[in-house]
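Please have the sequence and the model open side by side while reading.

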Amino acid sequence: MNRKTITVKVGGHVMVNGPVTPIPVKAKPTTIDAIVPQVPVGEPPAGFRDILLRDGPEAFAKAVRNHQGLLLTDTTFRDAHQSLLATRVRTHDLKLISPYVAHNMHQLFSIENWGGATFDVAMRFLYECPWQRLQEMRELVPNIPFQMLLRGANAVGYTNYPDNTVYKFCEVAKENGMDIFRVFDSLNYLPNMILGMEAAGNAGGVVEAAISYTGDVCDPLRTKYSLDYYLALAKELVAAGTHILCIKVRASCPHTHTHRAPVR
């Protein structure tokens, strides 16, 4: 092999199988087994997903808007371990706690458990099927809406895909148990977002368009990303058909804070 061929081979190996650098710590696996709480026998209580299945996305958004009180999303099934553990929590472990969540947290707005990096990490590093994770969790949690992060035209990848690929992906995701599609673009690029919104909406999902917010709208010196900029963006997303508006408050750490409001 010449030098160029070796470089391509090594690069391809790393892209598919990940880096082979030894872990720089001497940490050992814990010897403590997690205690899984017991759950009652029988079906879990009704949740917001029952409204969605019975009345559809627009009625679901209306029910959320009319709800008196705070509604929460549990992100521990995706974003939490994506930020803290490189998305390495296995389907096996997520399934262990799922029945408890279904029975005791049935009033949640949603569980964010899919999309983002979970799709490729499941295949490349955990050697699992991401579709199977969605299917098996759906069986265990039938009453709480599932939510995913959809990167617009990028779907759950790192490049933009043909339109029909994104449409088919959302269709199959909905068929396998996904409910709410949080459509996101880090630069608020509307054409990228609108494709994802249309794909999710056509699949029958709840469309949650996310506005990436950073800076300070109260600072008069920040003229580019002003309050008028965000208001105009919100109006365009509503006109494009979103059921719910989400504001992602960007920060310097990997975590983001999200706030949402139904609009339809």
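A disulfide is a pair of cysteine sulfur atoms within 2.5 Å. Such a bond is a covalent one between the sulfur atoms of two cysteines. The model discussed here is predicted, and it holds zero disulfides. Two of its cysteines can be looked up. Cys 170 has a relative accessible area of 0%, so it is buried. Cys 246 is also at 0%, and it therefore counts as buried. The cut-off for buried is under 20% relative accessible area.

Next, take helix α9, which runs over residues 190–202.

Helix α5 can be checked in the same manner. It covers residues 91–104, and its 14 residues should span 20 Å at 1.5 Å a residue; the end C-alpha atoms lie 20 Å apart, which agrees. The helix bends by about 35° at Ile 97, and a proline, Pro 99, follows within four residues. The buried residues of α5 are Thr 91, Leu 94, Ser 98, Val 101, Ala 102 and His 103. These buried residues pack against β2 and α7.

Now turn to the aromatic rings. How many aromatic pairs does a search of the whole structure find? It finds 11 aromatic pairs. One of them joins Trp 114 and Phe 169, whose ring centres are 5.8 Å apart; their planes meet at 10°, so the pair is stacked. The cut-off for stacked is planes under 30 degrees apart. This pair links distant parts of the chain, since Trp 114 is in strand β2 (residues 110–115) and Phe 169 is in helix α8, 55 residues apart. Trp 114 counts as buried because its relative accessibility is 1%. Phe 169, at 12% relative accessibility, counts as buried too.

Phe 169 has another ring partner. With Phe 119 it forms an edge-to-face pair, 5.6 Å centre to centre and with 70° between the planes. Here too the pair links distant parts of the chain: Phe 119 belongs to helix α6 and Phe 169 to helix α8, 50 residues apart. Phe 119 and Phe 169 are both buried. Ring pairs link Trp 114, Phe 119, Trp 131 and Phe 169 into a cluster.

Arg 88 lies over the face of Phe 125, at 4.1 Å from the ring centre.

The next topic is the backbone angle phi. Most residues other than glycine have a negative phi. Tyr 127 has a positive phi, near 55°, and is not a glycine. Tyr 127 is found in the loop between α6 (118–124) and α7 (130–140). Asn 188, which is not a glycine either, has a positive phi of about 55°. Its place is in the loop between β4 and α9. Asn 188 has a relative accessible area of 10%, so it is buried.

Finally, look at Ala 63, which lies in helix α3 (residues 57–66). Its relative accessibility is 23%, so Ala 63 counts as partly exposed. Leaving aside residues up to four places away in sequence, Ala 63 touches Phe 48 and Ile 51. Ala 63 and Ile 51 are 12 residues apart in sequence, and their C-alpha atoms are 7.9 Å apart in space.

Key. Residues are numbered from 1 along each chain as its sequence is written. This is a predicted model: local features need pLDDT of at least 70, side-chain atom pairs count only at pLDDT 80 or more; totals for chains, interfaces and linings use all residues. Side-chain values use heavy atoms; hydrogens and water are left out. Helices (H or I, at least four residues) and strands (E, at least two) are DSSP runs, numbered from the N terminus. The expected span of a helix is 1.5 Å times one less than its number of residues. Buried means under 20% relative accessible area, exposed over 50%, partly exposed in between (1.4 Å probe, protein chains only). Rings of Phe, Tyr and Trp (its six-membered ring) pair if their centres lie within 6.5 Å; planes under 30 degrees apart count as stacked, over 60 as edge-to-face and the rest as tilted. A charge sits over a ring if NZ of Lys or CZ of Arg is within 6 Å of the ring centre and within 35 degrees of the ring normal. Contact means heavy atoms within 4.5 Å. The bend at a residue is the angle between axes fitted to the seven residues ending there and the seven starting there.
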